[in-house]
Amino acid sequence: MIRFLLRKLLVIVPTFIGISIVAFGFVRILPGDPVMLMAGERGLTAERHAELLAQFGFDRPIWVQYLDFVARIFQGDIGSSLVTKKPVLQEFAVLFPATLELALCAILLAALIGIPLGVLAAAKRGSWFDQLSMGVALTGYSMPIFWWGLLLIIFFSGTLGWTPVSGRISLMYYFPDSTGFMLIDSLLSGQKGAFASALHHLILPSIVLATIPMAVLARQTRSAMLEVLSEDYVRTARAKGLNPWRVVSLHAFRNALIPIVTTLGLQIGGLLTGAILTETIFSWPGIGKWMVDSISRRDYPVVQGGLMMIAIIVMAVNLIVDMLYALINPRIRHR
Amino acid sequence: MKKMIAAGAMMAGLATPAFAGTLTVCLEGAPETFNPQLTSSGTTSTVLGQIYDGLVAVERGGSQIEPALAQSWTVSEDGLTYTFKLRQGVKWQTTADFTPTREFNADDVMFTFDRMTDDAHPYHSVNGGNYITFGTKLAGALESVEKIDDYTVAFKLKAPLAPFTGIMAHGSLKITSAEYAEQLLAAGTPELFDRNPVGTGPFQLQAYQTDAVVRLLPFAQTWGAEQGIAQNTPMVDAIIMAISADASVRVQRALAGECLISFYPNLADAPLIEQSEALDLVVAQVASSGFLTFNFNMEKFQDIRVRQALAHAINMEPLVEVVFNGMGHVTGAVVPPAFWGSADLPAYEYDPEKAKQLLAEAGYADGLEVQLWAVPVARPYMPNGRRAAEMVQADWAEIGVNAEIVTYEWAEYIQRARAFEAEVGMFGGIYDFPDPSQIPNNYFTCDAAGTPSPSNIGAWCNEDFIAIMAEAGAITDQDKRAELYVQAQQILYDDYAGVMFGGADQQMVVAKNVDGFVPAIFGTSRMSGVTVD
């Protein structure tokens, strides 16, 4: 297992170098620069523009700036935002728990609904349930998130008044951040109703963010299950007269888990970075919206540092998923 | 809730008088910083305008300059020296980091400007040291700032600058505390100066939850309250500003009662708000101008008949009606009608027959190919660039002009437009300070060498226009200046330098139980003087 882990860690080194180049270079290829955007339509003389760029250090050769960027990463400094002037790491640490909290709730919801749906659909292949659930999954997969989110807000928050429109907790509650996870902080605050309010605020964004992963998981689970259900050992188990549900849940499901876990892992990576639209609609202060705002403002250090942080986290998630495979299927760690 | 706010007020060391209600506000973006000097963002000004004061301010809901931290000012005869008499008895806010030992005086004004002007100042480079608004609007014109005595400060200019007091009212030139800066410097934490604000304004920061909520508490000893000026007195228990980037969501939050004031709803959501029993749609005038420019570096646009043909082929009335969702008004003047100095000019008459004829005379009887640029983002002067471009394209097609609509992401759009790549450019600007010269100067003048000013994307350089603008900029008599600006606009109009899109009003959603809220035309809409029933 340790050799397996070391092998995986070794692959991370070149990946890291590649990511650092992409993270640094991507935002610099885009036309426009932060000074120009700060000035907006108002305009800036060429001299003043050059002077301000030089103040930020953007007048140096690009490779010098890249080496500087890498050198500072090794010192644990990924720079400060050009706009807010705060260290990128500090901003990331404040915003990331919000994204993570939402992503975990969404993935939980997606797994709890998507996987059983897929298993049932496979077990009842061709039935009306199979067709209906896969039809719904396909609809969910193709749902434009922005439209879906607004639709839910208008119906559940606007018309029915069941859920709050947006935010992480009612504006009337205030307590300092302890962990950054609103569910935990609201409990720790001891304020009456705070936890319920935080939970209430998670409902709609979780549903919206879970919609696509739920659909993907349901479809993936169904196809993985169908493949396993046609295996000889399943037929043998059935022939032996085992309870059909026992065959499905124990014999087939466990063996179908590998592709499901892979999908789950990929979805988590996607959720951490793909929550942009959900965060925008629900005024959810997370890293997705932060990154997009920073790209449009050409806030180079935030985009570069933020991408590095996200890449590191996604790599860590992938490593964990790889280790889970090894646990689920011993053949993988001996390969 | 009241209990929580009161506890917060006690923590911040405030003696809160009998205020009532919490004012919740849905803002379109997060504040970038807590020092106005470091930003050019309007949203940030909306937050910081409640905390800090400038020497002068723009009157509530108007465009005239009124005293703030300066009680009065005089201008020397040569127009080069502005002497400000400072208000006495102005207290600084007490925060967790800072307990002031003295009141506001000339040292604070000196500190504020020294930080921006003096490269060797210990605060100059703190937090990046980019003073974007000061750098673009005042740095080049300012000779020196001098302290005459504890309550008198003189600003000396290199050349007369008529909009000077207007510029001084800009949200980024608010006064910061010298004593607080010294304390932080001594503690080795000067960077906190721009994050934990200390101002003299009606509200002070309780907490900022990044990208989510800004919480402000009333500053009971603010000069407005102590000197009995109602509009500068905080009258609510707290202001909670919730950051909601999406305009439709801000409207939903207002409808659900989560926000009592919501900034900038989509124009299309107006009927929803009008139907609501709890909300009002408050119309705010917008000091901005949007227009089409012709590229004077290109031969085809140097012929005035081509410009005339294109201008007279646009049916502006329906365009403005559709694009501004019924909230616009058609005009031919660059300076918005709400302003002093605006010319009474109609839009160019819609006359496709005349346009066809002009085009034929110019040698384009068989048609003309043009690129028409469309702004990719919603701006106050142009809420829907794409739609506007499509309508212009359809109008031009009728006279045989084939327009290709071109657009880029906003940063790239600005960069390319400034490089004179736009054939027919769509552009515009928002007035930062209440002086009509800003947009004509930035968007339609050139320097002595014939280099267009940075936002003059059509490169229109007209000597008469430039001379009149320069003359108006060097005198302080407002009536005379207004007259000159009217003349300048007439020149621009007669030369078909651009086609104005007309102006629009902006909307705010305000709950019926909120009293005293007046949206600002310039800069910050003040929350002082506002009550919640």
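Start inside chain B: how many residue pairs are in polar contact across the interface of domain 1 of chain B and domain 2 of chain B? The rule finds one, with both residues at pLDDT 80 or more; a polar contact is a pair of N or O atoms within 3.5 Å, one able to donate a hydrogen and the other to accept it, and residues adjacent in sequence count only if both atoms are side-chain atoms. On that domain 1 side you'll find 10 nonpolar, five polar and one charged residues (Ala, Val, Leu, Ile, Met, Phe, Trp, Tyr, Cys and Pro count as nonpolar, Asp, Glu, Lys and Arg as charged, the others, Gly among them, as polar).

A quick word on ground rules: this is a predicted model, where local features need pLDDT of at least 70, side-chain atom pairs count only at pLDDT 80 or more, and totals for chains, interfaces and linings use all residues. Residues are numbered from 1 along each chain as written, chains are lettered from A and ligands numbered from 1 in the order written, and side-chain values use heavy atoms, without hydrogens or water.

Now color 4-256 + 507-532 of chain B as domain 1 and 288-500 as domain 2 (bounds from an automatic or database domain assignment). Their C-alpha centres lie 35 Å apart.

Between chain B and chain A the count is two salt bridges (a side-chain nitrogen of Lys or Arg within 4 Å of a carboxyl oxygen of Asp or Glu). Zoom in on Glu409(B) and Arg298(A): they form a salt bridge, with the closest N and O atoms 2.7 Å apart.
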